[in-house]
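Good morning, colleagues. Please take a moment with the sequence and the model, and then I shall turn to the aromatic rings and to one helix packing.

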Amino acid sequence: MQAWQVHENGEPSEVMRLAEVERPTPGDGQVLLRVRAANINFPDALLCRGQYQVRPPLPFTPGVEICGETEDGRRVIANPALPHGGFAEYALADSRALLPAPESLDDAQAAALHIGYQTGWFGLHRRARLEAGETLLVHAAAGGVGSAAVQLGKAAGATVIGVVGGPDKAAVARELGCDAVVDRRAEDVVAAVKEATGGRGADVVYDPVGGEAYTQSAKLVAFEGRIVVVGFAGGTIPSPALNHALVKNYSIVGLHWGLYNTRNPALVQHCHEQLTELAARGAIRPLVSERVPLDGAAAAVQRVADGVTTGRVAVVLEKGAGA
């Protein structure tokens, strides 16, 4: 079969190599899946660079989120078991963690429903307790993680403000349903959000960026607001001033979604049921901006790493490929 492999750490476009390799053999509790589509996530770039919290042995195949097919023909969503990731014709996964792919979504959309939407659901509902009528601010609102949070916020009845970088991404954020959009490259984010909220600020801030975005969040969060720390795509991990959180009376909430897979897997299943229902009635739909063939995966991962994409980029494989 064909698979992308990383033999040394570095930029995805430089270290990912497409090779002919043996199909992986499932271990105890694992299942072999034929990959139908693999969604590209920022962690795939971090894996290539050797900067992710999980460091699989070299060589490995990146790709942490797929829509695959079991030997008996079931279409499922899975997080592949590294080092046998999803940018290949076949991948391995934990048989206990397979989730049924929603019938309302195609392969690329289904592959993109998992990590970003689960993170958004847990962040907004489990950790921040977002309520209808509240104001939600989403950083990087046109990106893969941000676009999921925008849709989930609207589905929950919140007023959603999206922060983006550039006019093209602003247009995408508006199409996603943002009630207001702030272009951080052309506007003062804090002043614009304060103006949009009548000076009150945002009740919930969803931050997958870190760095300057977090600094802005602390200035614009409302009384009794919650800042949900999801990641640090901007490359800088902030050091919060806890005295500021005390004086302004807001909460800083961390979210590591992956922990739920071991600490409370039943809640992951419940979340998937909620997401499937939302997708069935059209309340959410993953924004897949690009569908690329397997041989285009490395270049696509690099584009995601460089922050020039919107929504999700999916690697889509032809049915019946590989041997």
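In this predicted model, the count of aromatic pairs comes to two. Let me begin with tryptophan 121 and phenylalanine 122. Their ring centres are 5.3 Å apart and their planes stand at 80°, over the 60-degree cut-off, so this pair is edge-to-face. Tryptophan 121 and phenylalanine 122 are both buried.

The other pair joins phenylalanine 122 to tyrosine 260. Here the centres lie 4.2 Å apart with the planes at 40°, so the pair is classed as tilted. Where do the two residues of this pair lie? Phenylalanine 122 belongs to helix H4, residues 115–127, and tyrosine 260 to helix H10, residues 260–263, so the pair ties together parts that are 138 residues apart in sequence.

As to burial, phenylalanine 122 has a relative accessible area of 0%. Tyrosine 260, at 15%, is likewise buried, because buried means under 20%. Taken together, ring pairs link Trp121, Phe122 and Tyr260 into a cluster.

A further ring deserves mention: tyrosine 90 has arginine 23 over its face, at 4.0 Å from the ring centre.

I turn now to the helix packing. Helix H2, residues 42–49, packs with helix H12, residues 297–305, at an angle of about 105°, their axes being 8 Å apart. That angle makes H2 roughly perpendicular to H12. Which residues meet there? From H2 come Phe42, Asp44, Ala45 and Arg49, and from H12 come Val301, Val304 and Ala305. By class, the contact has five nonpolar and two charged residues, with no polar ones.

Notes
Residues numbered from 1 in each chain as written. Predicted model: local features only at pLDDT ≥ 70, side-chain atom pairs only at ≥ 80, totals over all residues. Heavy atoms only, no water. Axes fitted to C-alpha atoms, helices over the stretch in contact; angles between N-to-C directions. Helix = DSSP H or I, 4+ residues; strand = E, 2+ residues; numbered from the N terminus. Parallel < 35°, antiparallel > 145°, perpendicular 65-115°, else oblique. Contact = heavy atoms within 4.5 Å. Nonpolar A, V, L, I, M, F, W, Y, C, P; charged D, E, K, R; others polar. Phe/Tyr/Trp six-rings, centres within 6.5 Å; stacked < 30°, edge-to-face > 60°. Buried < 20%, exposed > 50% of the residue type's maximum accessible area, 1.4 Å probe, protein only. Lys NZ or Arg CZ within 6 Å of the ring centre and 35° of its normal.
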